[in-house]
Amino acid sequence: MARTIAIGEQDYSKMIKHDYFYVDKTGFIKEWWEKGDSVTLITRPRRFGKTLTLSMVEQFFSIRYAGRSDLFENLEIWKEEAYRKLQGTYPVIYLSFAGIKADNYEETYYAISRLLAREYRRHAYLLKSDSFLPSDQEQYQKILSGTGNVSDICSSVNLLCEYLYEYYNRKVLILLDEYDTPMQEAYLNGYWKPIAGFMRRFMNETFKTNPFAERSLMTGITRVSKESIFSDLNHLEVVTATSQKYAAVFGFTEEEVIQSLDEYGLRDQADQVRHWYDGFRFGSCAHIYNPWSIIQYLDKKELAAYWVNTSSNALVGKLIQSGSSQTKKRMEDLMRGHAICVPIDEQIVFSQLDKDEDAVFSFLLAGGYLKVQDKQGQEYHLQLVNEEVHQMFEHLINGWFSECRPAYNYFIKAVLANDLGGMNDFINRVALSTFSLFDTGQKTSAAAQPERFYYGLVLGLMLELRNRYTMTSNRESGFGRYDVLLEPCDRADDGIILEFKVIQPGTEKNLEETAQAAIRQILDKNYAAVLEASCGRDRIRIYGFAFRGKEVLIDGGYLREYEQDPIK
């Protein structure tokens with residue numbers, strides 16, 4: 001009989017006690033312990049079992065779970081006699097920053113203070129220790145009551161380790177889950193500098209200047225740059241998605257997925273499950289599946305985008321929306337199923353995300369949205385991971401036009417109907433609503449703003465018309481590079497070429513002249529050449545888009561009309 005699936009359960013003991021569906025990952029305990037690393041940071045995408053793994057590690061080592069052989073019997077780790085003796089023999093401090101999500105620094109600091117107070121409360125038995133001096137009692141109460149200052153909070157874990165060591169005469173294991181959540185929230189909400197300063201000090205006192213820590217294990221999504229918070233942690237062992245260590249621990253291997261499908265009578269769906277949820281790669285371990293989506297599928301027996309809907313993806317949306325035209329162009333290639341070549345630095349510098357377009361793709365790789373197809377030095381060939389991620393980006397891009405959806409839909413209909421008046425009316429409504437959305441928020445040239453709008457519009461067009469047209473942009477044709485080319489899937493439809501230009505005040509009097517210059521470029525460069533085989537020259541339409549600030553003017557029509565009466 002198939003085991004019960006407990007959606008969202010992350011407490012290891014509950015999983016085992018109730019015999020919920022669980023893939024045995026206890027071998028990680030031995031693997032991590034025998035590496036002997038002092039401080040380990042493992043980065044993996046969200047919902048890949050990080051929290052459940054740390055819960056497992058805590059309940060294996062913690063003195064609070066001494067004698068709980070029932071939690072590990074019949075699992076891989078219990079085959080090792082030496083590890084049976086190790087179970088339940090260490091004091092453990094276990095913290096999770098997963099819930100530290102606030103709009104400002106003050107609320108974040110308060111939330112971390114309360115989290116530390118709860119951990120102090122969990123060890124309140126220390127207050128009854130004979131070794132506690134009055135000064136220790138006073139310091140302990142500061143954290144417990146939340147009245148401590150920044151220095152008290154930053155040194156609180158270090159001090160708790162000392163108290164635990166004196167009580168148990170054994171050094172402490174420190175577990176910190178989702179360490180980077182506060183920093184992602186800080187970047188998204190504009191308080192990066194104060195939180196980075198706080199976290200740098202907290203990390204240093206917790207993990208470096210701590211003689212009472214035996215070993216420490218952290219998890220997160222990103223590897224935040226050492227310059228940001230890990231500047232003093234020279235002994236930090238970082239395990240990223242490209243590292244060989246612990247490659248098969250987080251996520252499900254293909255073998256584990258097949259066994260799970262067998263258990264629930266779904267083996268015949270293996271190919272579709274592979275298409276939707278396979279594609280992750282950690283180290284040299286390929287064909288890693290997203291565990292959250294597999295568990296949801298086993299429970300609901302329906303293919304859907306489960307993993308990508310577990311959060312708002314707000315940071316991902318911000319990075320792409322406000323990214324450069326090159327960022328949007330790369331997203332267009334990814335959405336077409338193509339690979340992009342990008343230099344990747346696995347150390348995320350959040351302060352550089354607004355300035356370095358390559359850093360955006362480093363973040364997308366760390367977050368699990370992209371997979372490495374090939375690597376040559378620092379150059380990575382990246383693709384979208386699978387169908388689930390592709391659908392997430394479709395939803396994200398469509399959402400960009402949500403505020404002007406009626407106008408955008410009418411603009412698309414006007415393009416298809418060759419309704420020049422409707423195109424001009426509705427594109428200006430769209431532009432007015434979305435220019436700021438696609439801007440970077442930095443000082444940019446008048447030419448750069450329409451360029452970002454253009455690439456955002458291109459992504460939207462590509463998705464809206466994908467069942468009717470094959471769309472390419474910025475590709476070679478004739479004697480130059482066109483902006484957008486729509487090649488019909490049905491010969492009954494017209495081929496369409498779009499060219500975008502920003503007004504040149506010194507040489508063009510008005511938007512009409514700019515639009516005509518765009519059309520002249522289409523004609524002079526013979527951009528229509530690529531469409532002749534599929535449409536014939538009589539079924540090709542050309543349009544020039546002229547920009548001045550947030551104002552847009554479109555001119556154009558059938559190519560044959562311009563060939564009969566060329567623009568002078």
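Predicted model: local features only at pLDDT ≥ 70, side-chain atom pairs only at ≥ 80, totals over all residues.
Two packed helices are described by the angle between their axes and the distance between the axes. For helix H9 (residues 181-189) and helix H14 (residues 314-321), the angle is about 45 degrees and the axes lie 10 Å apart. H9 and H14 are therefore oblique to each other, and H9 crosses H14 in a left-handed sense. On the H9 side, the contact is made by Gln 184, Tyr 187 and Leu 188, while H14 brings Ala 314, Leu 315, Lys 318 and Leu 319. Of these contact residues, five are nonpolar, one is polar and one is charged.

Now for the charged pairs. The whole structure holds 27 salt bridges, and one of them joins Lys 25 to Glu 256, with the closest N and O atoms 3.0 Å apart. Lys 25 sits in the loop between helix H1 and helix H2, whereas Glu 256 belongs to helix H11, so this pair links parts of the chain 231 residues apart. Lys 25 counts as buried because its relative accessibility is 11%, and Glu 256 is buried too, at 16%.

A second pair stays within helix H10: Glu 205 and Arg 201 are four residues apart, about one helical turn. Their closest N and O atoms are 3.6 Å apart, and Arg 201 is partly exposed at 36% relative accessibility.

Arg 466 also forms a salt bridge, with Glu 394, at 3.2 Å between the closest N and O atoms. Arg 466 lies in the loop between helix H20 and strand S14 and Glu 394 in helix H17, so the bridge ties together parts 72 residues apart in sequence. Here Arg 466 is partly exposed, at 41%, but Glu 394 is buried, at 15%.

Technical notes:
Residues numbered from 1 in each chain as written. Heavy atoms only, no water. Axes fitted to C-alpha atoms, helices over the stretch in contact; angles between N-to-C directions. Helix = DSSP H or I, 4+ residues; strand = E, 2+ residues; numbered from the N terminus. Parallel < 35°, antiparallel > 145°, perpendicular 65-115°, else oblique. Left-handed = near helix turned anticlockwise from the far one by under 90°. Contact = heavy atoms within 4.5 Å. Nonpolar A, V, L, I, M, F, W, Y, C, P; charged D, E, K, R; others polar. Salt bridge = Lys/Arg side-chain N within 4 Å of Asp/Glu carboxyl O. Buried < 20%, exposed > 50% of the residue type's maximum accessible area, 1.4 Å probe, protein only.
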